[in-house]
Amino acid sequence: MKSFNFSIDINCDVGEGADNEAQLFPLISSCNIACGGHAGDVDSMERVVRLAKKYQVKVGAHPSYPDRANFGRSAMAISPESLIHSIREQVSTLTAILQKEGIGLHHIKAHGALYHEIAKNTAQAENFLQAASVFGKDILIYAPYASTIGKKAIEHGFSTAREAFADRNYKADLSLVSRKHP
């Protein structure tokens with residue numbers, strides 16, 4: 001009989017303005033902290049990082065398109081250079097805070113429209129990985145199962161963690177059903 005080695009990581013998006021992290025952190029093992037693109041600022045990142053440290057929750061960066069007006073849920077026409085710069089800036093802000101607290105960056109997980117785009121679009125996945133590469137290839141890339149970003153991350157030598165959403169529905173092609181639909 002074949003045995004499988006896997007673990008379940010209970011992960012949650014935080015720092016997005018709900019201010020419920022103190023209730024969530026005792027229940028989760030990792031978090032994705034909004035780092036300014038769709039939500040979050042230095043104050044919220046510092047607060048959430050301190051809570052993560054207190055509860056020993058692994059910290060990941062949650063960069064998005066620089067689109068606070070639409071909460072990062074709309075795809076943007078943005079040059080590859082601007083996107084790479086924005087992702088690096090967002091993650092760098094969080095990593096500076098982590099460094100002050102003596103915590104390492106565990107993973108990077110795209111948010112919203114960027115997450116959906118890199119799941120299928122090779123060029124955007126490559127841009128995302130180029131941005132992420134400056135943080136080291138030992139940083140996990142959280143990616144949907146059978147996604148372009150997951151495949152490209154492995155090709156480029158990144159470690160990946162496949163994920164599934166317990167609170168969302170999936171289409172037959174394994175992409176997420178839009179939040180606009182039941």
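Biologist: In which helix is leucine 24 found?

Modeller: Leucine 24 sits in helix H1, which covers residues 21-24. Helices (H or I, at least four residues) and strands (E, at least two) are DSSP runs numbered from the N terminus. This is a predicted model, in which local features need pLDDT of at least 70, side-chain atom pairs count only at pLDDT 80 or more, and totals for chains, interfaces and linings use all residues. Residues are numbered from 1 along each chain as its sequence is written, and side-chain values use heavy atoms, with hydrogens and water left out.

Biologist: Which residues does leucine 24 touch, not counting those up to four places away in sequence?

Modeller: They are Cys12 and Val14, where contact means heavy atoms within 4.5 Å.

Biologist: Now the helices. How do I read a pair that packs together?

Modeller: Two packed helices are described by the angle between their axes and the distance between the axes. Each axis is a line fitted to C-alpha atoms, for helices over the stretch in contact, and angles run from 0 to 180 degrees between N-to-C directions. Here, H3 (residues 80-101) packs with H5 (residues 122-133) at an angle of about 40°, and their axes are 9 Å apart. H3 is therefore oblique to H5; under 35 degrees would be roughly parallel, over 145 roughly antiparallel, 65 to 115 roughly perpendicular, and the rest is oblique.

Biologist: Which residues of H3 and H5 make that contact?

Modeller: H3 brings Pro80, Leu83, Ile84, Ile87 and Arg88, while H5 brings Gln124, Asn127, Phe128, Gln130, Ala131 and Ser133. By class, the contact of H3 with H5 holds six nonpolar, four polar and one charged residue. In this scheme Ala, Val, Leu, Ile, Met, Phe, Trp, Tyr, Cys and Pro count as nonpolar, Asp, Glu, Lys and Arg as charged, and the others, Gly among them, as polar.

Biologist: At what angle do H5 and H6 pack?

Modeller: H5 and H6 pack at about 50°, with 9 Å between their axes. That angle makes H5 oblique to H6. From H5, Thr122, Ala125, Glu126, Phe128 and Leu129 meet Thr148, Ile149, Lys152 and Ala153 of H6. The contact of H5 with H6 divides into five nonpolar, two polar and two charged residues.

Biologist: How far apart are the end C-alpha atoms of H3?

Modeller: They are 32 Å apart, which agrees with the 32 Å that its 22 residues should span at 1.5 Å a residue. The expected span is 1.5 Å times one less than the number of residues. H5 agrees as well: its 12 residues should span 16 Å, and its end C-alpha atoms are 16 Å apart. Just after H3, glycine 102 has a positive phi of about 75°.

Biologist: Which residues of H3 are buried?

Modeller: Buried means under 20% relative accessible area, exposed over 50%, and partly exposed in between (1.4 Å probe, protein chains only). In H3, the buried residues are Leu83, Ile84, Ser86, Ile87, Gln90, Val91, Leu94, Ile97 and Leu98. Their cover includes strand E2 (30-34), H2, E3, E4, H4 and H5. In H5, Gln124, Ala125, Asn127, Phe128, Leu129, Ala131 and Ala132 are buried, and what covers them includes H3, strand E4 (107-108), helix H4 (112-120), strand E5 (140-144) and helix H6 (148-155). H4 has Gly112, Ala113, Leu114, Tyr115, Ile118 and Ala119 buried; these pack against H3, H5, E5, H6 and strand E6 (160-163).

Biologist: What is the phi of glutamine 56?

Modeller: It is near 55°, a positive value in a residue other than glycine. Glutamine 56 is in the loop between helix H2 (42-55) and strand E3 (58-62), and its 71% relative accessibility makes it exposed. Alanine 146, in the loop between E5 and H6, also has a positive phi, near 60°. At 47% relative accessibility, alanine 146 counts as partly exposed.
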